[in-house]
Amino acid sequence: MLLSLFGKLFSKKDIVDYSVIKTDMHSHLIPGIDDGAKDEQTALLMIEGLKALGFTQLITTPHIMKSYFDNNEQIIQNGQQNFNDKYHTNVVAAAEYFVDESFVEKIKNNMPLLTFGDNYVLIEVSMGVKDKQLEEAVFELTSRNYKPVLAHCERYPYMFEHGKLNYYEKLKDADVLLQVNIRSFLGQYGEIQKKIARKLAVNDMIDFLGTDIHNELQLPMLKDALQDEYVQHLLNSNQLKNALL
Ligand SMILES: [Fe+2]
């Protein structure tokens, strides 16, 4: 029903590319520091590909996840600076913070965080189990005027309680912004993730779209996603905050 409604609203001739939202705010472009670009040539291919799809500003968000990606703000900033200097690119650096004890400690100790735009901090949590630390992290962040953005919020099936969006509504009430991965609309991560992404889209609950690109092989799917009516609905909705970054 909704699909056919979107179908009627957006015929092929109305299709826009990502230039309407200008900025990708979730990507893994800095070579060799996380599970993203494996080398500089790959990073350059990814950057070229994203620009060809219409993005004019690229904010890259390497993982900071203790024991897996032992990055810190300095490593990320140095990596960004070296890459930009060498290739005359203008990639902007932030981070994707995994919410765990060490992250909460970092906030409580008032260590400076890598933010983007209007003091946004991109955070991710465990895919498998609900973690009380999310609430604590959100509280600590918002009380310091940071604006938490939950990365790929559709990738946490346990948040889709009884097939409803109540948990997401609670997050928004707690001033958490919601980011969805574009490739989820094509089922890249599974059917449930696709369903959650679609439901959040029709309820106008999505604040940011991101590519979360990790390698150049993901570029064709980002191009294909432009044919998806939910993606087109979002790009045309004027509601995404990407355009304001
Ligand atoms: Fe990511």
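Helices (H or I, at least four residues) and strands (E, at least two) are DSSP runs, numbered from the N terminus.

Before moving on, keep in mind that this is a predicted model: local features need pLDDT of at least 70, side-chain atom pairs count only at pLDDT 80 or more, and totals for chains, interfaces and linings use all residues. Residues are numbered from 1 along each chain as its sequence is written.

**Around β8**

Now bring in β7, residues 147–150. Pick out the partners: Val-149 bridges to Leu-177, and Leu-150 bridges to Leu-178. To get from β7 to β8 the chain passes through α6, a β-α-β crossover that is right-handed. Right-handed here means that, with the strands pointing away from you, the path from the first strand over the helix to the second runs clockwise.

On to β9, residues 208–210. β8 and β9 pair in the parallel sense over three bridges, and Gln-179 has Phe-208 in β9 as its bridge partner. The chain gets from β8 to β9 through helix α7 (residues 191–202), in another β-α-β crossover that is right-handed.

Zoom out to the sheet. Its six strands run in the order β3-β5-β6-β7-β8-β9, the sheet is open and the pairing is parallel. The edge strands, each pairing on one side only, are β3 (63–64) and β9. Strands count as paired if DSSP finds at least two bridges between them.

**Into the core**

Select Tyr-97, Leu-122, Ile-123 and Val-149: these have the most contacts inside the largest nonpolar core, which has 65 residues. Such a core is a set of buried Ala, Val, Leu, Ile, Met, Phe, Trp, Tyr and Cys residues joined through C-beta atoms within 7 Å. What does Leu-122 touch? Leaving out residues up to four places away in sequence, the list includes His-26, Thr-61, Tyr-97, Val-149 and Ala-151. Contact means C-beta atoms, placed from the backbone, within 7 Å.

**Helix α2**

Go to α2, residues 40–52. Its end C-alpha atoms are 18 Å apart, which agrees with the 18 Å its 13 residues should span at 1.5 Å a residue (the expected span is 1.5 Å times one less than the number of residues). Colour Ala-43, Met-46, Ile-47 and Leu-50, which are buried. They sit on the same side of α2, because they cover an arc of only 100° around the axis, taken from the directions from the helix axis to the C-beta atoms. The cover over them includes β1 (23–24), β2 (57–60) and α3 (73–87). On the face turned away you'll find the exposed residues Gln-41 and Ala-52. Just after α2, Gly-54 takes a positive phi of about 115°.

In α9 (229–237), seven of the nine residues are buried, among them Tyr-230, Val-231 and Leu-234. Just after α9, stop at Asn-238, with a positive phi of about 70°; with 9 C-beta neighbours inside 10 Å, Asn-238 counts as exposed. Most residues other than glycine have a negative phi.

Finish at His-162, in the loop between β7 and α6. His-162 has a positive phi of about 55° although it is not a glycine. Is His-162 buried or exposed? His-162 counts as exposed, because it has 6 C-beta neighbours inside 10 Å.

Technical notes:
A residue is buried if 20 or more other C-beta atoms lie within 10 Å of its own, exposed if 12 or fewer, and partly exposed in between; C-beta atoms are placed from the backbone. Two residues are in contact if their C-beta atoms, placed from the backbone, lie within 7 Å.
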